[in-house]
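Me: I would like to learn how to read the sheets, domains and chain contacts of a model like this one. Could we take them in turn, with the general idea before each case?

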Amino acid sequence: MMRHLLSAGDLSRDEALLVLDTAAEMARVAAAPVKKLPTLRGRTVVNLFFEDSTRTRTSFELAAKRLSADVINFSAKGSAVSKGEGLKDTALTLEAMGADAVVIRHAMSGAPHRLAGWVRGSVVNAGDGTHEHPTQALLDAFTMRSRLGRLEGLQVTLVGDILHSRVARSNVLLLRTLGAEVTLVAPPTLIPVGVEDWPAQVSYDFDRVLPKSDVVMMLRVQRERMGAVYFPSVREYSRRYGLDAARMAMLPPESVVMHPGPMNRGMEIAAEVADSPRSTIVEQVTNGVSVRMAVLYLLLGGAMGGASE
Amino acid sequence: MTTAPDPRRPRPVSGDRTAAHPVLDAADVTRVLTRMAHEILEKNGGADDVVLLGIPTRGSTLAHRIAEQMASVEQRTVPVGSLDVTLYRDDLRLRGVRALGRTELPPGGVDGRIVVLVDDVLFSGRTVRAALDAIGDLGRPAAVQLAVLVDRGHRELPIRADYVGKNIPTSLRETVHVLLAEHDGRDGVLIGPADLSRQESRQESRQESRQDTSS
């Protein structure tokens with residue numbers, strides 16, 4: 001296992017499967033009467049969140065606490081960052097406090113990579129700008145495998161704001177490694193430049209892709225990242241790229257609907273779809289804790305920050 | 001480096017398993033497991049409330065075999081589960097990350113039951129210590145007992161087995177190989193010289209004695 005988790009693309013097939021298998025064992029802890037393992041006693045995990053994210057921060061915090069690590073939450077608001085402290089000085093401060101792992105969420109793509117060069121502990125990318133969100137991709141893969149029993153050969157369709165989505169980027173990289181086939185569906189304005197080089201198909205016609213999708217993953221339309229207008233109206237977007245009950249009926253019987261959250265009900269996903277038995281949205285949150293426990297264990301469980309080689 | 005040779009046996013010369021000499025053959029292993037099954041039944045007055053928990057990988061296999069023997073004597077099924085103790089080990093920081101084995105409790109769990117832990121080799125006692133902690137997080141058994149196929153001595157903790165297949169006095173430099181048909185193609189117990197390249201600590205040599213626990 002590597003020392004940091006910065007990109008889903010850094011994981012080999014064996015490493016990714018090790019994370020998923022480890023997460024499957026960690027999931028049993030959630031069912032046990034005592035939801036706590038002594039594994040990371042005495043280790044310190046810092047949640048360094050420069051962007052708001054209750055969901056991911058809470059998930060990492062719970063994962064670390066279930067492994068008995070000490071957790072420090074450090075958010076940009078109300079910290080020295082709002083007084084103008086740079087990332088490097090923040091990092092060195094945390095380093096001096098003896099952090100064994102830093103979980104970082106940052107609005108700038110690449111911030112975790114910079115951080116990894118400055119600190120001795122492990123760095124976990126919890127989302128950097130529009131770049132990557134590897135633990136989300138791992139929990140998505142975990143959810144697909146537990147629902148459908150396999151990943152190899154699965155047809156996975158990612159729909160929506162591919163351009164701004166770090167979830168899409170990480171998922172494409174990881175699913176490719178694990179042998180699934182990915183199709184991206186979005187309005188042309190929300191498809192990134194250079195998508196030809198991605199290991200994925202691109203389609204602009206949602207209805208044609210639906211009947212052969214084992215997994216449909218709806219992505220949130222990230223209005224906060226959109227300076228310009230990418231589509232004429234919410235209504236039009238929803239008509240062409242939203243998943244409603246009629247579209248869900250076109251899916252093969254076993255297929256599942258995923259969403260990384262937080263979702264805009266009525267925009268990219270209709271309420272009756274989000275609440276249907278095909279939806280894995282709540283499971284994804286539960287699985288997120290198990291997967292993050294697995295990542296923290298594999299990075300921190302061993303000697304000297306995890307390097308077992 | 002001076003070894004501590006056992007004067008009763010000629011020393012094998014190389015580290016491969018062909019140089020290891022057998023202590024128990026396949027028939028012996030079967031006899032020993034049958035006896036252990038009867039001992040468990042005798043001590044607990046039958047199989048009521050008894051749950052076997054094997055420590056992966058070979059402990060789980062042994063637990064299933066003992067449970068089958070108990071079941072054929074008592075004409076009833078005996079619940080079996082497996083308990084991976086990796087996350088409870090005290091040497092994680094020294095040895096680096098390992099893949100986890102399976103933990104599966106039989107239906108009904110361990111609350112109020114008599115849990116018999118099953119492992120292949122009892123050595124330092126640290127695995128059993130970790131297993132006791134793990135059981136404490138899973139429930140509250142009425143009692144915990146320990147069954148091992150081989151007790152090779154050299155305890156580092158105040159732990160003893162209730163049921164021992166075979167006591168094998170060893171030197172620290174030796175390794176005990178437990179072979180089971182499900183993993184190794186045949187049953188048997190061998191004693192061999194330690195693989196010196198891997199002998200960095202006693203935990204190392206214990207791990208060596210259990211073969212590839214990831215299989």
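Me: How should I read a sheet, and in what order do the strands of the open sheet of chain A lie?

Reply: Strands of a sheet pair through backbone hydrogen bonds, either parallel or antiparallel. Strands here are DSSP runs (E, at least two residues), numbered from the N terminus, and two of them pair if DSSP finds at least two bridges between them. In chain A of this predicted model, four strands form an open sheet in the order S2-S1-S3-S4, with parallel pairing. Its edge strands, each pairing on one side only, are S2 (70-75) and S4 of chain A, and the twist from one strand to the next averages 15°, where axes are lines fitted to C-alpha atoms and angles run from 0 to 180 degrees between N-to-C directions.

A word on conventions: residues are numbered from 1 along each chain as its sequence is written, while chains are lettered from A and ligands numbered from 1 in the order in which they are written. Because the model is predicted, local features need pLDDT of at least 70 and side-chain atom pairs count only at pLDDT 80 or more, whereas totals for chains, interfaces and linings use all residues.

Me: How many bridges join S3 to S4 in chain A?

Reply: Strand S3 (residues 101-106) of chain A is joined to S4(A) by five bridges, the two running parallel; A:His106, for instance, has A:Asp128 in S4(A) as its bridge partner.

Me: Which way do the strands of the open sheet S1-S8-S7 in chain B pair, parallel or antiparallel?

Reply: The pairing of these three strands of chain B is antiparallel, with S1 (21-24) and S7 (174-179) at the edges and a twist that averages 30° from one strand to the next. Three bridges join S1(B) to S8 (residues 188-193) of chain B, and B:His21 has B:Ile191 in S8(B) as its bridge partner.

Me: Into which domains is chain A divided?

Reply: Domain bounds come from an automatic or database domain assignment, which here gives domain 1 (8-132 + 285-303) and domain 2 (134-281) of chain A. Their centres, taken over C-alpha atoms, are separated by 25 Å. The contact (C-beta atoms, placed from the backbone, within 7 Å) takes 23 residues from domain 1 of chain A and 20 residues from domain 2 of chain A.

Me: How many residues of chain A are in contact with chain B?

Reply: By that criterion, 19 residues of chain A are in contact with 16 residues of chain B, and H1(A) gives the most to the side of chain A that touches chain B, with five residues; helices are DSSP runs of H or I, at least four residues.

Methods:
Two residues are in contact if their C-beta atoms, placed from the backbone, lie within 7 Å.
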